[in-house]
Amino acid sequence: RTATEEDLRVIENQLGRTPRDVHAISYRCPCGKPAVVETPPRLSNGEPFPTFYYATCPRLTAAISTLESTGLMAEMNERLAVDAELAGAYAAAHDDYLAARAALKMDVPEVEGISAGGMPNRVKCLHSLVAHSLSTGPGVNPLGDEALAKLPDWWKNEPCE
């Protein structure tokens, strides 16, 4: 889980910039390269950063962007408004996200209660939800799991960088 120097080099290549404050690799692509990192809630420059799980793999993020363009988020938001079971599971995913970030034991009042992706009440970013699902495994974030299931095998067509 700890990022190696090679991991940081790969992430820099993926992002096209020096990665900021990588705490850990929370998910590796099936090819073995980092695909999602954990980032602390306060960056070393003092900036608050609520996005704990951050997707770095450009093929993964491109696949998610394509999925976002299909209208899936609007459909998920409609279902959240009427499906109490789904809304409860999504709220639990929000709590899981906050608990994982809180485990770093960093008091950052600016992001207290803020997770990512629109949780707990709406869907506004599938990148965050998929990153959460990849990092925690199935059954934690129902909408992240659903989006992940709709993605192609992003790592198969071209070798990862």
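Q: In which helix does serine 133 lie?
A: Serine 133 lies in helix H5, residues 126-136; a helix here is a DSSP run of H or I with at least four residues, numbered from the N terminus. The model is predicted, so local features need pLDDT of at least 70 and side-chain atom pairs count only at pLDDT 80 or more, while totals for chains, interfaces and linings use all residues. Residues are numbered from 1 along each chain as its sequence is written, and side-chain values use heavy atoms, with hydrogens and water left out.

Q: Why is serine 133 called buried?
A: Its relative accessible area is 2%. Buried means under 20%, exposed over 50%, and partly exposed in between, with a 1.4 Å probe and protein chains only. Serine 133 therefore counts as buried.

Q: Which residues does serine 133 touch, not counting those up to four places away in sequence?
A: Serine 133 touches Pro138, Asn141, Gly144, Asp145 and Leu148, where contact means heavy atoms within 4.5 Å.

Q: Why is lysine 105 called exposed?
A: Lysine 105 has 76% relative accessibility, and therefore counts as exposed. This residue lies in the loop between H4 and H5, and has a positive phi of about 55° although it is not a glycine.

Q: What makes aspartate 21 partly exposed?
A: The relative accessible area of aspartate 21 is 26%, so the residue is classed as partly exposed. Aspartate 21 is found in the loop between helix H1 (5-15) and strand E1 (24-28), a strand being a DSSP run of E with at least two residues. Its phi is near 50°, a positive value in a residue other than glycine.

Q: How do you know that the buried residues of H3 line one face of the helix?
A: In helix H3 (residues 72-82), Leu72, Met73, Met76 and Leu80 are buried. Seen down the axis of H3, these buried residues fall within an arc of 95°, so they line one face; the arc is that of the directions from the helix axis to the C-beta atoms. On the other side of H3, Glu78, Ala81 and Val82 are exposed.

Q: Against which helices do the buried residues of H3 pack?
A: They pack against helix H2 (58-68), H4, H5 and helix H6 (142-150).

Q: What is the geometry of the peptide bond from methionine 119 to proline 120, cis or trans?
A: The bond is cis, with omega near 5°. Proline 120 lies in the loop between helix H4 (84-102) and H5.
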